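Subject: Structure handover

Hello,

Here is the structure you asked about. My notes follow below it.

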Amino acid sequence: MKAVLDHIGIAVKDLSAALAFYRDALGLEVEAPEEVTSQQVRAQFVPVGDSKLELLEATAPQSAIARYLDKRGPGLHHITLRVDDIGAALGHLRSRGVRLIDEHPRPGAEDSTIAFIHPSSAHGVLIELKQPGIANQPAVRQPPPAISRFTLGELELISLSDGFLRMDGGLMFGIVPKAQWSAVSPADDRNRVTLGMRPLIVRGARTMIIDAGLGGKGDAAFDDTFGVDHRYDLDRALADARLAPEDIDIVLASHLHFDHAGGFTVRDPSGRLRPRFPRAQYIARRGEWEDATHVHSQNAARYQPDNFQPLAEAGVLQLVDDDVTIMPGVRVKRTGGHSTHHQVVLIESGGKSAAFAADLIPTMSHVTESWIPALDLYPMDTLAAKRAFTEDAMAREVLVFFYHDPSIAAGYIREAGGDRRVIPALS
Ligand SMILES: [Zn+2]
Ligand SMILES: [Zn+2]
């Protein structure tokens with residue numbers, strides 16, 4: 001069982017008196033106090049490196065903290081260990097005869113699930129196990145994935161979700177120091193940040209899907225490496241959008257990395273790979289196809305032939321050479337940078353504009369110019385393409401879709417005082 005120290009809970013009689021020591025005398029920074037009504041406590045977190053102290057003051061005489069103070073006086077109350085899979089952890093402890101206070105995990109703060117181990121089994125210490133919420137980002141509340149619908153002139157745009165994956169934070173944020181990126185995208189105990197995967201449906205004369213998520217062909221080792229969270233996946237999103245795979249006429253690839261093209265193919269019951277969307281024509285850029293099928297050491301880990309070779313074998317693949325119109329109102333534009341032939345998708349209808357930014361601006365924090373993933377093959381090309389894309393998006397009020405953002409589907413880019421930010425769009 002792998003566990004990381006999340007925080008140490010300290011029962012105090014008087015929070016402001018405790019702050020006189022922890023904040024003023026020790027000089028530690030404190031977070032805003034939090035009232036946990038269900039537990040009848042007021043909690044104040046004091047970050048210390050990767051862990052925190054949690055000062056706990058009772059708000060009612062019958063609260064567990066009040067009873068603890070009566071019995072034992074102020075002091076160490078509990079230690080919280082963070083685990084990846086709390087169900088598995090409890091099963092493991094039970095099998096070793098450890099006495100548990102909670103036989104089953106129960107909901108904790110910020111979407112986490114928690115369970116307490118009895119102090120009699122832990123040599124006098126009350127231990128709390130905690131599995132963070134869906135995104136394993138203790139500081140950030142994770143909204144559940146959902147489809148979001150937008151109308152753009154004559155077109156309907158539906159942002160779907162293929163769940164979440166985790167990627168090394170250094171890879172995702174390039175030259176940005178961890179102190180900066182971890183403030184907006186906290187890392188887990190393996191230094192990974194959570195990313196969404198948000199394929200986009202464009203419905204007009206025909207029905208198109210742009211990118212298709214990770215798919216479900218990965219084995220347990222792959223799912224562990226990338227922290228794959230498929231509790232909600234593209235199958236469910238399509239069903240929620242009242243679409244069947246047969247309804248898709250066109251599958252358009254921004255590029256062929258596994259987190260975008262993984263969902264292009266599925267394994268049938270006999271183990272054979274086939275296109276996931278049986279009636280669709282799949283469209284990719286020829287240069288990207290050439291790169292994906294002739295890899296080198298810098299890009300090999302991103303391409304998995306199982307995701308795209310079966311398309312060529314099934315005769316459903318169309319390769320395009322230039323910035324062409326794919327269907328009325330929808331055209332592609334090469335950006336390069338991330339991969340040599342990475343492309344974004346520009347959508348126009350009724351005088352309104354939208355864009356699918358793919359990995360040019362993977363999350364809304366990447367609108368800041370210097371925030372470019374270290375995994376981009378040509379970061380200076382990304383910089384130039386991003387500058388042009390962003391200036392155009394601001395000038396024309398383009399609704400920008402962020403494929404990898406863990407919390408929002410789309411938004412408008414704004415600039416104030418030299419800072420760029422994204423105003424989330426309501427569907
Ligand atoms: Zn990519
Ligand atoms: Zn990607």
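In what order do the 7 strands of the open sheet run? The order is β20-β21-β22-β23-β24-β25-β26, and the pairing is mixed. Strands here are DSSP runs of E with at least two residues, helices are runs of H or I with at least four, and both are numbered from the N terminus. Two strands count as paired if DSSP finds at least two bridges between them. β20 (325–327) and β26 (419–424) are the edge strands, each pairing on one side only. From one strand to the next the twist averages 35°.

Before the rest, the conditions: this is a predicted model, where local features need pLDDT of at least 70 and side-chain atom pairs count only at pLDDT 80 or more, while totals for chains, interfaces and linings use all residues. Residues are numbered from 1 along each chain as its sequence is written, chains are lettered from A and ligands numbered from 1 in the order in which they are written, and side-chain values use heavy atoms, with hydrogens and water left out.

Within the sheet, β24 (residues 399–401) and β25 (residues 410–416) pair in the antiparallel sense over 2 bridges. Phe401 has Ala410 in β25 as its bridge partner. Helix α11 packs on this sheet and touches β22, β23, β24, β25 and β26 (contact means heavy atoms within 4.5 Å). The direction of α11 makes about 95° with that of β25; axes are lines fitted to C-alpha atoms, for helices over the stretch in contact, and angles run from 0 to 180 degrees between N-to-C directions.

Now the metal site. Donors are N, O and S atoms within 2.8 Å of the metal (3.2 Å for Na, K and Ca); water is not among the atoms, so sites may look incomplete. Asp359 also bridges to the zinc ion (ligand 2), and the two ions lie 3.4 Å apart. His338 sits in the loop between β21 (330–334) and β22 (343–349), and Asp359 in the loop between β23 (352–356) and α11 (379–395), so the pair ties together parts 21 residues apart in sequence. Both His338 and Asp359 are buried (under 20% relative accessible area; exposed is over 50%, partly exposed in between, with a 1.4 Å probe and protein chains only).

Elsewhere, β3 and β4 form a hairpin with 2 residues between them, and Gly49 in the turn has a positive phi of about 65°.

Regards
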